[in-house]
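Subject: Structure handover and findings

Hello,

Here is the structure I said I would pass on. Please open it alongside this message and keep both at hand while reading.

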Amino acid sequence: MRTEAKKTNSTWARTLGVSEHAIELYRANDVIDLHVDSFIWHRLFGYDLTHRHRPLLAGALFGQVDFPRIRAAEISGATWVITTNPLRDRADRAATFERNLNLLVAQFARVEHDFALVTDRREYDAARALGKHAAFLGVQGGNALELELDQACELYDRRILRVTLVHLSSSRIGTTSSPLKLESTGLSSYGRELIQLLNHRKILVDLAHIDERGFWQAVDAHAHELPLIVSHTGVNGVHRHWRNLSDDQLRAVARSGGVVGIMYHAPYLGDHIWAGRAESIVRHLEHVANVAGEATPALGSDWDGAIVTPRDMPTCLELPRLVQLMLERRWPEARIRATLGQNFLRVLAHARG
């Protein structure tokens with residue numbers, strides 16, 4: 001993987017059509033993404049994460065991220081997720097998860113001079129002191145390990161920072177928010193036991209994708225002294241959608257000391273699928289801050305998760321445009337810093353040390 005020469009503030013500002021102040025502020029802060037799904041394309045099609053790609057389909061669906069562009073965008077850290085195939089047999093899913101975990105770890109080992117796998121705040125700070133991108137590992141779809149919990153607990157090791165309980169299909173754990181569900185049964189007794197296991201292991205419980213009934217049951221089952229997160233979502237207060245959270249849900253996450261990451265899929269943000277604007281991301285982030293407090297919003301792109309990004313921010317390379325938009329909406333710099341990464345780092349230190 002070739003490391004690019006560092007751009008000057010003026011050059012980067014001119015390239016993106018933003019102010020030098022926006023670039024300075026972006027570069028002076030931790031920039032952390034709660035949900036990057038690029039590994040799925042490596043698994044399915046051999047997409048080489050270590051190679052710099054040109055965005056396919058103008059950045060729609062996939063091709064939004066790779067390791068060289070993450071470095072070029074100077075993104076401090078991200079949670080790189082392993083997404084579960086729900087069609088696999090339950091026992092086969094566990095074996096597949098182990099293989100995929102080892103495969104993803106091996107990808108980062110190929111670029112260890114620029115990336116470091118980290119599990120807590122201390123390791124994050126050490127990686128950043130060396131100028132490396134700090135890579136966290138996450139699981140999307142707890143049914144990846146839908147085993148009896150005495151078996152699953154061995155696979156939920158410290159390398160896993162967070163688990164999204166359900167994804168786009170319902171499972172033994174609970175009911176998805178997707179309209180494809182047949183009925184809402186909420187969170188199962190197995191799901192409650194899984195939350196207790198994750199709490200014990202200090203693995204963050206992620207309530208993205210779960211239906212509202214299951215969301216509230218998960219809040220009740222979760223250890224009150226630990227933070228909840230929603231890694232990638234939109235908010236109904238800006239655009240009502242089955243994938244988005246209500247204001248009451250935002251406040252519940254805030255009461256736990258957690259964060260809500262806003263994703264970049266144009267239809268969930270309220271835009272036409274081929275006419276999304278980055279300002280819509282900022283509007284959703286702003287609503288989270290206004291309703292649940294400035295300690296709650298975070299970035300949760302869902303890059304390469306088959307999303308259609310805003311047309312003025314198709315890939316990770318244009319990310320500083322968010323800061324420019326925040327400044328134009330007269331955000332205080334403290335709120336910008338918190339949203340870019342400080343809120344998540346607080347949660348990380350609380351949960352993991």
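What follows is a short account of what was found, from the whole chain down to single residues. Please note that this is a predicted model.

Overall fold

The protein chain contains 14 helices and 11 strands. Its radius of gyration is 19 Å, which agrees with the value near 20 Å that a compact globule of 353 residues would have. Along the principal axes, the C-alpha atoms fill a box of roughly 55 × 40 × 40 Å. Of the 353 residues, 60% are buried. Among contacts with a separation of 6 or more, 72% are between residues 24 or more positions apart.

As for the surface, the protein chain exposes about 13700 Å², and 51% of this comes from carbon and sulfur atoms. There are 42 positive and 41 negative charges, and their mean positions lie 3 Å apart.

Helix H1 spans residues 9–16, and its buried residues are Trp12, Ala13 and Leu16. These three cover an arc of only 100° around the axis, so they sit on the same side of H1. Arg14 and Thr15 are exposed, on the face turned away from that buried side. What do the buried residues of H1 pack against? Their partners are helix H2 (20–27), helix H4 (67–72) and helix H13 (320–328). After H1 comes Gly17, with a positive phi near 70°.

The buried residues of H13 are Pro320, Leu322, Val323, Gln324, Leu325 and Met326. Their cover includes H1 and H2, along with helix H12 (278–292), strand S10 and helix H14 (333–352). H13 is followed by Arg330, which has a positive phi near 60°.

Asp37 is located in the loop between strand S1 (32–36) and helix H3 (39–45). Is this residue buried or exposed? Asp37 is buried, with a relative accessible area of 5%. Setting aside neighbours within four places in sequence, its contacts are Val81, Thr83, Gln140, Asp302, Trp303, Asp304 and Gly305. Glu74 is 37 residues from Asp37 along the chain, and the C-alpha atoms of the two are separated by 18 Å.

Asp302, one of the contacts of Asp37, has a positive phi near 70°. Asp302 belongs to the loop between strand S10 (297–299) and strand S11 (307–308). With a relative accessible area of 7%, Asp302 falls under the 20% limit and is therefore buried.

Lys202 also has a positive phi, near 60°. Its place is the loop between helix H8 (189–200) and strand S7 (204–206). Lys202 is partly exposed, with a relative accessible area of 36%.

Regards

Terms used: Residues numbered from 1 in each chain as written. Predicted model: local features only at pLDDT ≥ 70, side-chain atom pairs only at ≥ 80, totals over all residues. Heavy atoms only, no water. Helix = DSSP H or I, 4+ residues; strand = E, 2+ residues; numbered from the N terminus. Buried < 20%, exposed > 50% of the residue type's maximum accessible area, 1.4 Å probe, protein only. Rg over C-alpha atoms; globule rule 2.2 N^0.38 Å. Contact = heavy atoms within 4.5 Å. Areas by Shrake-Rupley, 256 points an atom, 1.4 Å probe, with all protein chains shown as cover. Lys, Arg positive; Asp, Glu negative; His and termini not counted. Charge placed at Lys NZ, Arg CZ, Asp CG, Glu CD. Arc of directions from axis to C-beta.
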